[in-house]
Amino acid sequence: MPELLLELFSEEIPARFQRRAADDLKKAVTNALVDAGLVYEGARAFVTPRRLALTVTGLPARSPDTREEKKGPKVGAPQPAIDGFLRAAGLASINQAKIESDPKKGDFYIAQIEKPGADAATLLSAILPKILTDFSWAKSMHWGSGSFNWVRPLRAITATFGSENEDPVVIPFASNELTSGQTTFGHRFLAPDAIKVRRFDDYVTALERAKVVLDLDRRKEIIKADADNLAFAQGLTVIADENLLEEVAGLVEWPVVMMGSFDPEFLKLPEEVIIATIRINQKCFCLRDGSGKLAPNFIITANTIASDGGAVITAGNERVIRARLSDAAFFYQGDLATPLEHGLPKLEDTVFHAKLGTQFARVERIVKLAGDIAPLVGADVERAKRAAMLAKADLTTGMVGEFPELQGLMGRYYAIAQGEPADIANAVELHYKPLGPTDKVPTDPTAIAVALADKLDMLTGFWAIDEKPTGSRDPFALRRAALGVIRIIAENGLRFPLKVEPDLLAFFHDRLKGTLRDAGARHDLVDAVISADSDDILQIIERVTALSELLSSDDGVNLLAGYRRAANILAAEEKKFNLVYNGAVDQDLLRLPQETDLAFVVDAVHAAVSAHVGRNDYKGAMAELATLRGPVDAFFTAVMVNDEDSMVRVNRLNLLSRLRETMHLVADFSKVAG
């Protein structure tokens, strides 16, 4: 069957846009093909710095003929309604419609519309230019005299369609003064001549000969393998950096790996500074020696085969890195000469948010909040306040001004250098943590206090000025802050009630629900243990775990069935008489041994469960509930709740209410599914 080859050849596409653009092109084209009736077998998208490419295989030569029925007005309807139906159905006369009868609605007209298929090439010539026009980039530009927008100027469009054993045809269309053809170009420096292509296989082969590796992931594999081999030969290892690898692979079409070096004297700088300098300014990988220490070497990925073996390229990168590391050393020495707290007054000149004041005002709030939190997490109050005061001070340093991503980390280095205790210095670095689901969580009490204070100040502040996340919009990363609070509490096993307004507490509940579900918890069990005023994160987690264990046992399954039976009976009776059965159980009205046994056991279990809950022992509480299974089963086997004697009936309903109340001590079992 025929295949489609599409290539959009342009000036350099920014690396950060490439993978998303390839996926978007594939989705846009394949969706349009299906909508047009062109069902395909497979599709693959590719991207390099100068081209977006797509191949779609197994396409039919034309779309199929279709027939559909269009329902019209009732027989005898007004003429305007019939005329409108004829126009919509493409009929010349109402005699071309057939009449069908509906037992309830009577006779009405039906038009049978037949649509002949169309040549795939004809359909593609209409589909492809629209996709280019509608294609969405995070940033785009237009050039020349047209209004067409693209991420960078388009230079050529290849669009061919045909079977393997025939010459393909060019899908004819135009876009911004460019017309489609079957000409592409190789590597900008190594093979810049035009290349005529027919279909995908010879296209890939021709590009390889022209020093272009089309597949982004293959370029990544080449860079990684060559870098690892080059490092291994020198007794070194490459510091893994997936984001940098993705970016570098998006900068080259023919990757060539080389190694450079820098003055070992620069190793006196913090290694994070060296790595950031080399990574950000030169897009190079750093290395470690056999002992795990940072090596005075780096890996360059060039986009050409140098005639001198890369000597000039390597020397050029070494000169730039030497200058950048010299700047970093200057900043570092200057920062070390100034105590951290001396930078605090400068925070008064930095606005955190127009409605929330300056960074200095925020530091004052965090200091107070950290002092309040410290006793709750086992931290020393004064040390927590000292760490909170210094936490944002490095924002005024030269190093963080140059490398904002090192905030906190540089604060730790400077705090250690000025003699701050280790827990305070670590808290300065770790108070931003965790920044994501795989990031580490602070575990030292001082760091925990400051990290919680930082995040809770963010959340309560933005809630107070009504700047809450909406849909996918979260400009202040408040979801991340809430998830950070949850992880800090959960992973450190903290009893830390969240004393926040109900709306913010509900926000925490939503984040916690997502976290627990991602960890495999059943959504109904999460709902069963969270109430509107549940402010203890650890308690919620422990209840979900214990409830899950209970309901995975036979006792739990049968107890749940008994609970439902009791709850249904109560709901029906309470609705019937518009009242709630919650009175005391009268022992003198217990007629059968099974109800006497249940009344005794429920009282005992109620007391035991309350005691376990008071000790936050939810596993023990669930174990106590499990002992109700036998008495509950026996009760429903032998006892008729709706006895003829109204006093006996009410007493039995009160007993079931007591059972319901006892089970609700640990969870709302009415929300449990299954």
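Biologist: Which residues does aspartate 474 touch, not counting those up to four places away in sequence?
Modeller: Pro469, Arg479 and Arg480, with contact meaning heavy atoms within 4.5 Å. Keep in mind this is a predicted model: local features need pLDDT of at least 70, side-chain atom pairs count only at pLDDT 80 or more, and totals for chains, interfaces and linings use all residues. Residues are numbered from 1 along each chain as its sequence is written, and side-chain values use heavy atoms, with hydrogens and water left out.
Biologist: And where is aspartate 474 placed?
Modeller: In the loop between helix H14 (445–464) and helix H15 (478–491); helices here are DSSP runs of H or I, at least four residues, numbered from the N terminus. A polar atom of the aspartate 474 side chain lies 2.9 Å from the backbone nitrogen of arginine 479.
Biologist: OK, H15 then. At what angle do the axes of H15 and H16 cross?
Modeller: Roughly 70 degrees, and the axes come within 10 Å. H15 and H16 are therefore roughly perpendicular to each other (that label covers 65 to 115 degrees).
Biologist: Which H15 residues meet H16?
Modeller: Leu478, Arg479, Ala482, Leu483, Val485 and Ile486, which meet Phe507, Phe508, Arg511, Leu512 and Thr515 in H16. By class, that contact has eight nonpolar, one polar and two charged residues.
Biologist: Switching topic: is threonine 662 buried or exposed?
Modeller: Buried, because its relative accessibility is 0% and the cut-off is under 20%, with a 1.4 Å probe and protein chains only.
Biologist: What's 2.8 Å from a polar atom of its side chain?
Modeller: The backbone oxygen of arginine 658.

Definitions and conventions. Helix = DSSP H or I, 4+ residues; strand = E, 2+ residues; numbered from the N terminus. Polar contact = N/O pair within 3.5 Å; in protein donor to acceptor, adjacent residues only side chain to side chain. Axes fitted to C-alpha atoms, helices over the stretch in contact; angles between N-to-C directions. Parallel < 35°, antiparallel > 145°, perpendicular 65-115°, else oblique. Nonpolar A, V, L, I, M, F, W, Y, C, P; charged D, E, K, R; others polar. Buried < 20%, exposed > 50% of the residue type's maximum accessible area, 1.4 Å probe, protein only.
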